Amino acid sequence: MFDFSLRPEIEALVARVRGFVDEVVIPREADVAAEPRRLEIIRAELQQAARVAGLFAPRVPVEYGGLGLDWRDSALVFEAAGRSLLGPQALNCAAPDEGNMHLLHAVGTLEQKTRYYAPLARGEVRSCFAMTEPAPGAGSDPAMLLTRAVRDGDGWVIDGDKWFISGAQGAVFAICMARTEAGPTMFLVDAGNPGFQILALTPTLDHAFPGGHCEVRFANCRVGDDAVLGEVGKGYEYAQLRLGPGRLTHCMRWLGIAGRALDIAMNYVNRRDSFGKRLAQHQEMQRVVAESAIELHASRLMIWQAAWCLDRGEQALHETSMAKVFVAEAVGRIVDRAVQMCGARGISEHLPLANFYREIRGFRIYDGATEVHRASIGIRLLHQAAKGVK
C-alpha cells in the first residue's frame, strides 16, 4: 500500500534543486544580509537563474510555464528549496504567492487566470492575502470577520481594516476576504485601486518576507462583479481550500531550514574540540543530534502522508493541522538545538543559525496558531468518538 521509493526523474530533480540552492542561492544570502533593501532585486535575479536552470514554479501547471508537480513530489522539491530562506523565492513557491496561485487556479475564471494568475505564475508580480484584522476582527477565528462588502449598482464597495498582511508592500493585487449578506466572500483588488491603502509596515521579528507585514485599509474600495473570486458567500470554503495546502507547504519549506541547521551544527561539533576530545564524541552531542534527526524524519513522514491525502482529492484538514502543529514545533526545537550546539557562534552572524532562529518563530503563529490547530484536532476526534457512545 505504501511505497516510499522515488521515481528516478523526481530524485534527479530534487538533486538539481539542492545543487542550485547550494551553489547559486545560498551565496546570495550575504548580499541580502548586507543590504536588505535589495531583496526584491536579488529575488528577481534568482528567479531568472531558476528559469534558466529549468527549476522555476514547481507547482504551477505545465501550460502556465511550471513543472506541474503533484503534492507528494512538491514536498521533496520544496524541502530542498527551503534549505535557504531565499530558495522558495527563487523557485516562485513561497508564501503568500504560492497559496494565492493555488486558489486562483482552483476557482478563478478564465479572465481572472489571465489577468492575475498567469503573471503571478511567471513571477512577474507579487500578491498578498488580506484576511487577518485588528481586534476585535478576524484572527485565528475567521468567524469574527468585520470587513464588509456591500452591493452598489453593478459592483461592490469594500470597507475594513486588515493587518499583518504579508507581502502587501509592492504587491500588485490582494485577495481580500469580506463579509457580504450572503456570507464571507473573496475579492480581487488591484493595488492601484484608490480604495486600497497601505497604512504602515509593521516591524516584526522576521525579515524574510518581500513586502513585509502591513496594515492595510479598504476604504470605499469599489470593485466590479468580475472581482469576485469564485462564488459569493463561499469565502470560508475557499479559505480552507487555500490554507490547508498552504500550511502544508510551510511545513515543506521550513523542514529544509531545519535540515540545513542540523547539517551546520554537525559540521561544527565534528571540528570543535572541548574537554580533551571532539564535541561530536560527547554523548550529549550524540543525543541532541539523534533527537533532531528523529524529528526531521517524523516531520517528513507526516508531510508526505498529508500530501498523499491532497493528491487523492481529500481536503485533509485533520492531516494538515496535525502536520502544522508537529512540524512547526519540531523545526523550532531542531534550530534551537543547532544554535546551542554551536555555542557563541550559534548566536553570532558568522553562521546563519541566528537568522534561522529569528525567522522560524512565526511559523507557530501564521496560518493558524498552534493552539487553535490543537483545539480543532481535539474537537474533531472527540466528535468522532462521541458518535460511538451509546
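Me: Leaving aside its neighbours within four places in sequence, which residues is S299 in contact with?

Reply: S299 is in contact with L255, F326, V327 and A330, where contact means heavy atoms within 4.5 Å. The model is a predicted one, in which local features need pLDDT of at least 70 and side-chain atom pairs count only at pLDDT 80 or more, while totals for chains, interfaces and linings use all residues. Residues are numbered from 1 along each chain as its sequence is written, and side-chain values use heavy atoms, with hydrogens and water left out.

Me: Why is S299 called buried?

Reply: Buried means under 20% relative accessible area, exposed means over 50%, and partly exposed is in between (1.4 Å probe, protein chains only). S299 has 1% relative accessibility and therefore counts as buried. The residue is found in helix α9 (residues 283-311), helices being DSSP runs of H or I with at least four residues, and strands runs of E with at least two, numbered from the N terminus.

Me: What makes R272 partly exposed?

Reply: The relative accessible area of R272 is 43%, so the residue is partly exposed. R272 lies in the loop between α8 and β9 (273-274), and, apart from neighbours within four places in sequence, it is in contact with K277, R278 and L279.

Me: Why is α8 called roughly parallel to α10?

Reply: The axes of helix α8 (residues 235-269) and helix α10 (residues 317-341) come within 8 Å and cross at roughly 20°. Because angles under 35 degrees count as roughly parallel, over 145 as roughly antiparallel, 65 to 115 as roughly perpendicular and the rest as oblique, α8 is roughly parallel to α10. The axes are lines fitted to C-alpha atoms, for helices over the stretch in contact, and the angles run from 0 to 180 degrees between N-to-C directions. The residues of this contact divide into 20 nonpolar, four polar and two charged; here Ala, Val, Leu, Ile, Met, Phe, Trp, Tyr, Cys and Pro count as nonpolar, Asp, Glu, Lys and Arg as charged, and the others, Gly among them, as polar.

Me: What makes α10 and α13 oblique to each other?

Reply: The axes of α10 and helix α13 (residues 370-386) come within 9 Å and cross at roughly 140°, and α10 and α13 are therefore oblique to each other. Residues of α10 including L317, H318 and S321 meet residues of α13, among them T370, H373 and R374. By class, the contact of α10 with α13 has five nonpolar, four polar and four charged residues.

Me: How do you know that α1 and α3 are oblique to each other?

Reply: Their axes, for helix α1 (residues 8-25) and helix α3 (residues 39-52), come within 12 Å and cross at roughly 140°, so α1 and α3 are oblique to each other. F20, V24 and V25 in α1 meet L46, A49 and A50 in α3, and by class this contact has six nonpolar, no polar and no charged residues.

Me: Which residues have the most contacts inside the largest nonpolar core?

Reply: That core has 93 residues, and those with the most contacts inside it are V17, L91, M186 and L353. A nonpolar core is a set of buried Ala, Val, Leu, Ile, Met, Phe, Trp, Tyr and Cys residues joined through side-chain atoms within 4.5 Å. Helix α8 gives the most to this core, with 16 residues. L353 is one of the buried residues of helix α12 (residues 353-360), and the buried residues of α12 pack against α8, α10 and α11 (343-346).
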